[in-house]
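Here are my notes on the model you sent over. Have the structure open while you read, and take the points in order.

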Amino acid sequence: MKSENEPGTDLSLRRFIKSLGYIAGGTAILSMAPWLVSCTQEKLSEIRGGQARIAVIGTGSRGQYHIHNLLQIPHARIVALCDDYAPNLDAASALVPAARRYADYRKLLEEDDIDGVVIATPLNWHARMVLDGLSAGKHVFCEKAMARTMDECKAIYQAYTHSDRVLYFCMQRMYDEKYIKGMQLVHNGLIGDVVGMRCHWFRNADWRRPVPSPELERRINWRLYRESSGGLMTELASHQLEVCNWAVGRMPLSVAGMGDIVYWKDGREVYDSVNVIYRYSDGVKINYESLISNRFNGMEDQILGNSGTMDLTKGLYYLENDNSLSGIQQLLAQIKEKAFEAIPAAGPSWRSETKKEYPPHSIVEGRVYVNPGQSTVGVDKDGSDVILSSFCQACITGEKARDVVEEAYCATLLCLLANQAMEEGRTVIFPEEYRIPYMKF
Amino acid sequence: MIENRTDWHEAGSLFHGVVPRVMGTRLEVLMVHPDIEMLSRLWRDVAGLLESMDRVFDRFAPDSEVSRLNSRSRDIVDISPVMEDALRLCGDYYERTLHLFDVTLGHFRDVTVGAGKVIFRNPMVRLDFGGFAKGYALRSVRRLLAANGVKNAFVDFGGSSIIGMGHHPYGDCWKVGFDSPETGVRLRDFRLYDSSLSTSGNTPSYSGHIVNPLTGVANRRKMAATVVAGDSLDAEVLSTVWMIASPEQRRQIAELSADVEANIYEL
């Protein structure tokens with residue numbers, strides 16, 4: 001791990017955008033994923049030699065994960081660290097000894113030599129820190145979900161629309177190659193009409209962190225208490241709901257669900273089991289399930305179309321009528337048409353020889369990083385490194401990333417509405433007062 | 001009986017048979033002939049033949065003959081007539097291919113076959129009929145079809161080993177295209193008339209070698225080979241050999257092999 005990098009252009013960002021098939025001046029990818037504009041080679045050359053001065057607020061496990069990624073980004077330099085829990089601050093200082101230390105984030109925001117802040121704190125702190133950061137003239141990168149309440153989300157969204165500062169939320173799937181390419185295939189009609197979506201996230205762990213003394217319980221295990229956490233919905237589902245909206249380009253109109261504490265009856269307040277159904281205006285539904293006392297099913301983000309299925313988590317798709325199944329099937333069809341054409345050999349024996357009825361096809365060539373969904377901190381190459389690098393670049397150019405805040409707003413509201421639906425035991429309609437111009441229903 | 005299924009298309013006198021799992025892959029046959037009774041009997045024989053070949057050559061089945069040979073406790077072992085025939089052929093190809101084809105991966109000179117026995121002079125020698133068995137089985141399938149009067153048929157073994165017997169109902173041969181597994185672009189069209197095509201390649205599709213475009217780890221060189229030959233076993237053996245032979249070795253081997261059209265592709 002390098003503690004300091006030479007200033008320069010981030011090659012990994014270049015490779016990322018190149019791997020998506022972006023040709024200088026091209027627009028295909030950018031019209032589909034406009035937030036990637038800031039990653040183009042033209043934009044990257046603008047910042048050559050520049051370096052963003054970054055502060056990290058909240059240096060627990062996820063904050064340290066971001067620090068590791070930041071240390072790999074040549075156009076970023078970590079200048080300050082902040083946490084009010086000394087062991088976490090010490091751990092971060094060990095990674096970046098040269099960075100100044102703060103216990104109060106407001107003091108940190110007063111410093112002039114900080115361009116951007118990376119916030120990885122409990123959810124109920126997001127709103128005030130993001131708003132204070134923007135007010136202090138800082139560019140802000142904040143962990144998902146957006147905020148603990150819908151009103152806080154709306155306040156952030158409004159502050160952002162009136163600010164000239166850059167704001168990112170860590171919606172890393174928007175920067176994950178297999179998701180971007182998979183969505184391009186969905187939008188190009190590969191799987192036909194999207195008729196449903198199935199997402200789930202299963203783990204078998206109590207989601208707890210060790211607590212050195214009892215008065216720290218609610219601070220350290222903030223994910224387990226309603227005051228500071230929306231539970232499985234805000235911590236896990238927010239990414240997956242964003243993917244669903246991305247696939248259909250719209251927002252669901254209503255949500256119903258059931259949530260319970262089934263297994264981890266240890267004093268926690270948030271559900272350890274949720275089953276939620278979202279309904280779009282045309283009847284298409286998202287079936288969402290999360291359970292943290294059985295991990296058999298792992299994590300999946302599946303887009304179901306009338307002619308195929310996109311399994312984004314694994315980077316695979318399946319076709320309902322797969323003519324790659326058999327050359328002879330094609331021959332038979334041909335002969336019935338009295339046609340005489342070449343049929344493709346299924347290829348050399350490296351191609352899946354033990355074909356099943358649904359042979360998988362890769363969305364992305366080469367190695368695919370699959371997130372098994374079991375880490376409670378983060379995994380390599382899930383887009384988190386790319387989105388963070390993109391943010392650091394934006395700290396230099398001052399250019400906002402299109403759609404990222406809007407997508408985070410939409411996804412977070414869906415999470416919070418699901419919690420409301422489960423708590424109240426009723427179907428909740430998306431409330432008018434939280435609609436924003438970006439939303440289509 | 002090994003798992004299989006068939007369908008009959010009366011209008012074109014087309015008999016379609018599938019064995020979905022044999023020798024680690026799938027075999028499909030299309031036969032053009034009006035006698036459905038004969039074809040049904042013939043298909044049962046084809047399936048039976050494949051099942052018996054699997055019992056000889058499948059090294060992942062602990063009770064197969066090859067597994068028995070590989071876990072031998074003595075140097076001299078009795079073998080079946082099929083195994084004896086196969087090992088003799090392997091010896092011929094070993095010589096014809098300048099030792100590039102070797103079912104023992106480097107130790108074939110330590111193997112002697114004769115009189116229903118095989119003698120191993122090296123206890124470490126293991127047999128693997130990976131680049132041989134499908135071609136060998138196809139050769140037998142073709143003989144079986146010909147002996148029953150089937151003149152026009154198409155046999156596809158795992159997509160990588162194909163026989164075209166006679167011709168397509170609406171053409172003068174069977175046309176098969178070879179597409180790049182990397183790009184899907186058609187690399188070559190083949191016209192099979194009483195001939196076989198075998199393809200081979202060293203590029204993985206899912207399992208690993210790379211390009212992680214985000215870190216820029218370089219790709220391994222990708223290539224493929226196709227061989228069309230009168231005999232399906234020639235095609236099978238040579239397509240594998242072509243992948244590892246040098247240009248000079250390919251030239252020498254080609255001189256030893258009549259009725260063979262071999263190609264190599266940089267992908």
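How much of chain A is made up of buried residues?

1. Before the answer, the ground rules: this is a predicted model, in which local features need pLDDT of at least 70, side-chain atom pairs count only at pLDDT 80 or more, and totals for chains, interfaces and linings use all residues. Residues are numbered from 1 along each chain as its sequence is written, chains are lettered from A and ligands numbered from 1 in the order in which they are written, and side-chain values use heavy atoms, with hydrogens and water left out.

2. Now chain A as a whole. Of its 441 residues, 58% are buried (buried means under 20% relative accessible area, exposed over 50%, partly exposed in between, with a 1.4 Å probe and protein chains only). Chain A has 14 helices and 16 strands; these are DSSP runs numbered from the N terminus, helices being H or I of at least four residues and strands E of at least two. Take the chain A contacts (heavy atoms within 4.5 Å) between residues at least 6 apart in sequence: 73% of them join residues at least 24 apart.

3. Next, have a look at a helix pair in chain A. Helix α11(A), residues 231–248, and helix α14(A), residues 404–424, have axes that come within 8 Å and cross at roughly 120 degrees. (Axes are lines fitted to C-alpha atoms, for helices over the stretch in contact, and angles run from 0 to 180 degrees between N-to-C directions.) So α11(A) is oblique to α14(A); angles under 35 degrees count as roughly parallel, over 145 as roughly antiparallel, 65 to 115 as roughly perpendicular and the rest as oblique.

4. Who meets whom there? Residues on the α11(A) side include Met233(A), Ala237(A) and Leu241(A), and those on the α14(A) side include Cys410(A), Leu414(A) and Met422(A).

5. Trp222(A) sits in the loop between α10 (217–220) and α11 of chain A. Its relative accessibility is 11%, so Trp222(A) counts as buried. Setting aside neighbours within four places in sequence, Trp222(A) has contacts that include Pro122(A), Leu123(A) and Glu235(A). Its C-alpha is 9.2 Å from that of Arg208(A), 14 residues away along the chain.

6. Over in chain B, check Asp234(B), in helix α5 (residues 232–244). Asp234(B) is buried, because its relative accessible area is 12%. Not counting residues up to four places away in sequence, Asp234(B) touches Tyr93(B), Arg96(B) and Ala229(B).
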